[in-house]
Every structure is written in structure tokens, then in C-alpha cells.
Amino acid sequence: MELDLIFKIAGIGIIVAVLNMVLKKAEREEYSMVINIAGVVIVLMMIIDEISTLFETVQTVFGF
């Protein structure tokens with residue numbers, strides 16, 4: 001796994017956390033929930049390629 005992928009995920013986490021705090025202070029909890037879900041979806045989309053590469057490697061190693 002590449003180190004920049006970890007930094008991207010951490011950056012997204014920090015941005016989502018800051019937006020979450022700002023929106024909760026502004027009493028916009030519904031938007032805060034949408035931001036949290038969007039952050040999770042973005043991170044999942046980023047790691048799908050890594051997971052598929054992992055499965056392909058396991059298939060190659062074990063000859064499935």
C-alpha cells in the first residue's frame with residue numbers, strides 16, 4: 001500500500017471532522033450526517049482498488 005493513500009484518507013478524515021464540528025455548532029446536524037456519509041463513501045471508493053488488487057494477488061498466489 002502506498003503511503004500517500006494513507007495521507008489522503010487521513011486528510012479526508014480531518015476535513016470531515018472539522019466540517020462536522022462546524023455544522024454541529026451551527027445546529028445543522030442533518031448536514032453533518034450527510035458530510036459524514038459522504039466522507040465514508042469517498043474513502044471506500046479510494047480503497048476499492050486496493051482491495052481488488054489484494055484479492056487478485058491472493059488468487060494468483062493460491063492458484064484459484
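Where is the place of E27? In this predicted model, the legends below begin with that residue and proceed to the overall fold, the helix pair and selected side chains.

**View 1. E27 in the loop between α1 and α2.** The place of E27 is in the loop that lies between helix α1 and helix α2. Its phi angle is near 60 degrees, a positive value in a residue other than glycine.

**View 2. Overall fold of the protein.** The secondary structure comprises two helices and zero strands. The radius of gyration is 16 Å, well over the 11 Å given by the globule rule for 64 residues, so the protein is more spread out than a compact globule. Taken along the principal axes, the box filled by the C-alpha atoms is roughly 55 × 20 × 10 Å. Of the 64 residues, 12% are buried. The accessible surface amounts to about 5,300 Å², and carbon and sulfur atoms account for 72% of that area.

**View 3. The pairing of helix α1 with helix α2.** Two packed helices are described by the angle between their axes and by the distance between those axes. Here helix α1 spans residues 3-25 and helix α2 spans residues 29-62; their axes come within 8 Å and cross at roughly 175 degrees. Helix α1 is therefore roughly antiparallel to helix α2, since the angle is over 145 degrees. On the α1 side, the contact is formed by L5, K8, I9, I12, V16, L19, N20, L23 and K24. These residues meet a set in α2 that includes Y31, S32, I35, N36, G39, I42, V43, M46 and I47. Classified by residue type, the contact of α1 with α2 contains twelve nonpolar, four polar and four charged residues.

**View 4. S32 and its surroundings.** S32 is located in helix α2. Its relative accessible area is 1%, which means that S32 is buried, the limit for that class being under 20%. When residues up to four places away in sequence are not counted, S32 touches N20, L23 and K24.

**View 5. N20, a polar residue between S32 and N36 in its contacts.** N20 lies in helix α1 and is buried, with a relative accessible area of 18%. Setting aside residues up to four places away in sequence, N20 touches S32 and N36.

View 6. N36 belongs to helix α2. This residue is partly exposed, its relative accessible area being 26%. Apart from neighbours within four places in sequence, N36 is in contact with V16 and N20. The C-alpha atoms of N36 and V16 are 6.4 Å apart in space, although the two residues are 20 residues apart in sequence.

**View 7. F7 in helix α1.** F7 is found in helix α1. With 56% relative accessibility, F7 counts as exposed. F7 and L23 are 16 residues apart along the chain, and their C-alpha atoms are separated by 24 Å.

Key:
Residues are numbered from 1 along each chain as its sequence is written. This is a predicted model: local features need pLDDT of at least 70, side-chain atom pairs count only at pLDDT 80 or more; totals for chains, interfaces and linings use all residues. Side-chain values use heavy atoms; hydrogens and water are left out. Axes are lines fitted to C-alpha atoms, for helices over the stretch in contact, and angles run from 0 to 180 degrees between N-to-C directions. Helices (H or I, at least four residues) and strands (E, at least two) are DSSP runs, numbered from the N terminus. Angles under 35 degrees count as roughly parallel, over 145 as roughly antiparallel, 65 to 115 as roughly perpendicular and the rest as oblique. Contact means heavy atoms within 4.5 Å. Ala, Val, Leu, Ile, Met, Phe, Trp, Tyr, Cys and Pro count as nonpolar, Asp, Glu, Lys and Arg as charged, and the others, Gly among them, as polar. Buried means under 20% relative accessible area, exposed over 50%, partly exposed in between (1.4 Å probe, protein chains only). The radius of gyration is taken over C-alpha atoms; the globule rule is 2.2 Å times the number of residues to the power 0.38. Accessible areas come from the Shrake-Rupley method with a 1.4 Å probe; for residues, only the protein chains shown count as cover.
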